[in-house]
Amino acid sequence: MSGGVDSSTAAALLKEQGYDVIGISMKLWDYPDDINRFGGCCTLDDINDARRVADKLDIPFYVVNMEDVFSKEVVDYFVSAYLKGETPNPCLKCNQILKFETLLKKAVELEADYLATGHYARIVYNDLSKRYKLLKGVDKDKDQSYFLFTMTQEQMSKIMFPLGSLAKSDVRVHARRFGLKIAEKKESQDICFVSGSQYHDFIAKMTGVYENSGDIVDRDGNLLGKHSGLYKYTIGQRKGIGIAAGKPQYVVDIDAKNNRLVVGSRYDAFSDGLIARDINWISMVSPELQMDVESKIRYRHKGVKSVVKPIGEGRAEVEFFSPECAVTPGQAVVFYKGEEVTGGGWIERRL
Amino acid sequence: MKRIYLDHNATTSVHPEVLDAMLPFLKEDFGNPSSIHWAGRNPKKAIDKAREQVAYLFNCDVSEIIFTSCGSEGDNLAIKGTVEAKKDKGSHIITTKVEHPAVLNTCKYLEKTGFEVTYLDVDSYGMIDIEQVKSSITPKTILISIMFANNETGVIFPVEEIGKIAKGRNIVFHTDAVQAAGKIPFNVKKLNIDIAVISGHKLYAPKGIGATYLKRGVRLTPLIHGGHHERNRRAGTENVAGIAAIGKACEIAVRDMKDESERLAVLRDRLHKGLAEKIPHVKLNGHPEKRLPNTLNLSFEFVEGESLLLNLDMKGVAASSGSACTSGSLEPSHVLVAMGIPHEVSHGSLRFSLGKDNTAEDIDYVIDVLPPIVERMRSMSPLYEASTGKAANISFAADNCKH
């Protein structure tokens, strides 16, 4: 329970359906020396919100401390990914490790049969394939299946998403019906451990490197200007590159090895496909040859028709039907067949 | 569901006799004790009486008692008040690594303002070395602040010897006696203590009241300025009901201490023995003898104390891992770390602190419910299987390495 409307309502619905519900909040990050900080996700205020919801629902409530794991698996990963020239997705990692490994283990330790979260996605068991399937949430605008591609069959057998078949607006209606004070609470948008959207400052602070300037070049290697740190850029970025050129320039490559930022035209920012690593297949053990899918290359991506082909060592090659802008190493590519998530992986490089 | 409370070092219930003693001051005797009219008379009398009762526990004069709001205020007043009053004499403080946060964080704060602090080590039993106390003293030392008994392990420090050391050198000796008060006898005169701090809610009075012994002649700058309350040492209209309560609680503590401490020590040892017999790899944290009669801190290796606590809670058993004031924090107990106990072991620590309502039946219930919980946790822990020589379930990892 994060203290937000989704997990709170999920708990309330389960309780109403007759489940024996235990509320758990994860304490993930200590906000040191900043007693005046409010808002964001997973702050003390949010935990207190969650506790009030649990009180209202009359369910036991515990705060479990996961700062160690979070710091190692999410924050360190976040910083090192940027230093490698990738654009990390900390929310995905948090789901993968914190929620569906560490928290699930806690739940099992408490002899809980299931771990329920407020995600907008559905898990159904397929009698034919004898496998759990992961489906998009019914609310297409809120669908969070993208963040869940790492789930194993074992995990899915113990996980419930009570909001999977609901629209966000219905969830708020339920929250009001249950008399939950957080019914109108705003969605958290920022990266929870970075105050505001100033992740630049955060990375500088964590690494102690405030200035690491290098060259900005075009695809032919011509020097166009200077950048002040590669982690400030992401693939496909146009604004704030800081060079004057006749036509709009886009970030097309982040070359961490040589500390170079490569820019080009909008056309240069398009790719025909990608290579992904650490692929997890959900709907099957693994496709035999290749498979037609719809690929989402970032959370808010509308999806592109593609062919995915396993190439060994947990990798896959994805070929798009039409070129896509801003294939970004560090983000996930998630494969869909209609409503169903067939699998996904982490983007290693563009093709 | 059964409810068994084994967290008396965190707080205690209000003793029925204490509740009776305080209630009039929440009802008809509501007056301000400073008033000269009839409404102030009973409250004033109650404070005088409570001061006698508390002074009796300390074995001091009534004029040497200051009522405060809690133990943390007492510790803050003692430390900040002393260094402020003596800052022209020096700037060095000696304390230990295992103090309560009320002392530790006050010292850390003072370090930022220019004072120098020595944090004494403890050995594997959680005991300080009296020679290190002596050798840490410099000409600039103005305050020694060392707790009477540790809240997490129950270890009792050699207060009398420290008192002698401080006395000969004109250094103020403050002791946080919050955990010791009511559990073991202490006599501030015999022990040469200059300032001793106690808290009501650890000895069956309610939260929000504390008392501090301040030896006559020891100078202290107040934290709270205002009216002439508490001989100008702590302003603020008196918490009369709380003061009546802590007075009564001290009276009861002195009255019942001998029998009760013997009874609790027997129960505590029954719990220790019962758990150690049924659960392998259990370690006692703290000194086997020099320890409060009610406190038992055990490490259950290869499991997380937090998980044990949640599972115990679901069985109705209230215990604690470390001190309540630090739970929810990232660090393992600073006390166990200072004792040199490895992370893995301190991680699995539980503190049971017994009190007046605990019975042998309660203890036997815990001896019944805890072993299966530990066993279940351990069966889920790859560390445990590896350590016991059983093949750990690592097939998952091996599959990934086949290539």
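User: What makes domain 1 of chain A and domain 3 of chain A count as being in contact?

Analyst: Two residues are in contact if their C-beta atoms, placed from the backbone, lie within 7 Å. In this predicted model, 16 residues of domain 1 of chain A are in contact with 16 residues of domain 3 of chain A. On the domain 1 side, strand β5 (residues 131-136) of chain A gives the most, with five residues. That side has eight nonpolar, four polar and four charged residues.

User: How should I read the numbering and the confidence limits?

Analyst: Residues are numbered from 1 along each chain as its sequence is written, while chains are lettered from A and ligands numbered from 1 in the order in which they are written. The model is predicted, with local features needing pLDDT of at least 70 and side-chain atom pairs counting only at pLDDT 80 or more, whereas totals for chains, interfaces and linings use all residues.

User: Why is chain A called as compact as a globular protein of its length?

Analyst: Chain A has seven helices and 16 strands; helices (H or I, at least four residues) and strands (E, at least two) are DSSP runs, numbered from the N terminus. Its radius of gyration is 21 Å, close to the 20 Å that the globule rule gives for 351 residues, so chain A is as compact as a globular protein of that length. The radius is taken over C-alpha atoms, and the rule is 2.2 Å times the number of residues to the power 0.38. Along the principal axes, the C-alpha atoms of chain A fill a box of roughly 65 × 55 × 35 Å.

User: Is Asn170(B) buried or exposed, and why?

Analyst: Asn170(B) has 11 C-beta neighbours inside 10 Å and therefore counts as exposed. Asn170(B) also has a positive phi, of about 60 degrees, although it is not a glycine. Its place is in the loop between α6 (159-167) and β6 (172-176) of chain B.

User: What makes strand β2 of chain B covered on both faces?

Analyst: In a regular strand the side chains alternate between the two faces of the sheet. In β2 (residues 65-68) of chain B, Ile65(B) and Phe67(B) on one side and Ile66(B) and Thr68(B) on the other are all buried.

User: How do you know that β2(B) pairs with β8(B)?

Analyst: Two strands pair if DSSP finds at least two bridges between them. β2(B) and β8 (residues 210-214) of chain B have four bridges, in the antiparallel sense. In β8(B), Gly210(B) is the bridge partner of Thr68(B).

User: How many residues does each chain give to the contact between chain A and chain B?

Analyst: Chain A gives 13 residues and chain B gives 10 residues. On the side of chain A, β2(A) gives the most, with four residues. The residues of that side divide into five nonpolar, one polar and seven charged. For the complex, the predictor gives an ipTM of 0.75 and a pTM of 0.83.

User: What is the confidence in chain B?

Analyst: pLDDT is the predictor's confidence in each residue, from 0 to 100. The mean for chain B is 92, and 93% of its residues reach 70 or more. Over residues 323-330 of chain B, pLDDT stays under 50. The pLDDT is also below 50 over residues 389-403 of chain B.

Terms used
Buried ≥ 20, exposed ≤ 12 C-beta atoms within 10 Å, placed from the backbone. Nonpolar A, V, L, I, M, F, W, Y, C, P; charged D, E, K, R; others polar.
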